[in-house]
Amino acid sequence: MNQRALFAAAAATVLSSALLNMAPAAAQDMGKDMSKEKCYGIAKAGQNDCANLSGSHSCAGQAKTDMSKDEWKYVAKGTCKQMSGLSSDEAKMSMTKKM
């Protein structure tokens, strides 16, 4: 293999590797908020999706009580109100009223 062909092959490998590594992150960011939204106050104990508003934990599945207003789950966009859930802003307001 001559030097020019070797360099072209190496450059193509590096570029394709970089593009493949970037693609999942870009796809994740694009689809992240498109079809789902955080819905507060609907998670049952142990079924929350991530950290709560009060900061007492930072992982999924650590909710201690059912329907706590500071715990959330991802739901299909537009369905939170049908489940009597709260938006992020509404949940934050209800948390500040308690304090």
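A disulfide is a pair of cysteine sulfur atoms within 2.5 Å, and the views below use that cut-off in a predicted model.

**View 1. The disulfide of Cys-39 and Cys-80.** The structure holds 1 disulfide, formed by Cys-39 and Cys-80, whose sulfur atoms lie 2.0 Å apart. The link between Cys-39 and Cys-80 is right-handed, with 80° about the S-S bond. Distant parts of the chain are joined by this pair, since Cys-39 belongs to strand E1 (residues 36–40) while Cys-80 sits in the loop between strand E2 (72–76) and helix H2 (88–98), 41 residues apart. Cys-39 is buried, and Cys-80 is buried as well.

**View 2. The cysteines Cys-50 and Cys-59.** Cys-50 takes part in no disulfide, and the nearest cysteine sulfur to its own, that of Cys-59, is 6.9 Å away.

View 3. For the chain, the mean pLDDT is 82, and 74% of the residues reach 70 or more. Over residues 25–30, however, pLDDT stays under 50, and for this stretch the model has 0 contacts beyond four places in sequence.

Notes:
Residues are numbered from 1 along each chain as its sequence is written. This is a predicted model: local features need pLDDT of at least 70, side-chain atom pairs count only at pLDDT 80 or more; totals for chains, interfaces and linings use all residues. Side-chain values use heavy atoms; hydrogens and water are left out. Helices (H or I, at least four residues) and strands (E, at least two) are DSSP runs, numbered from the N terminus. Buried means under 20% relative accessible area, exposed over 50%, partly exposed in between (1.4 Å probe, protein chains only). pLDDT is the predictor's confidence in each residue, from 0 to 100. Contact means heavy atoms within 4.5 Å.
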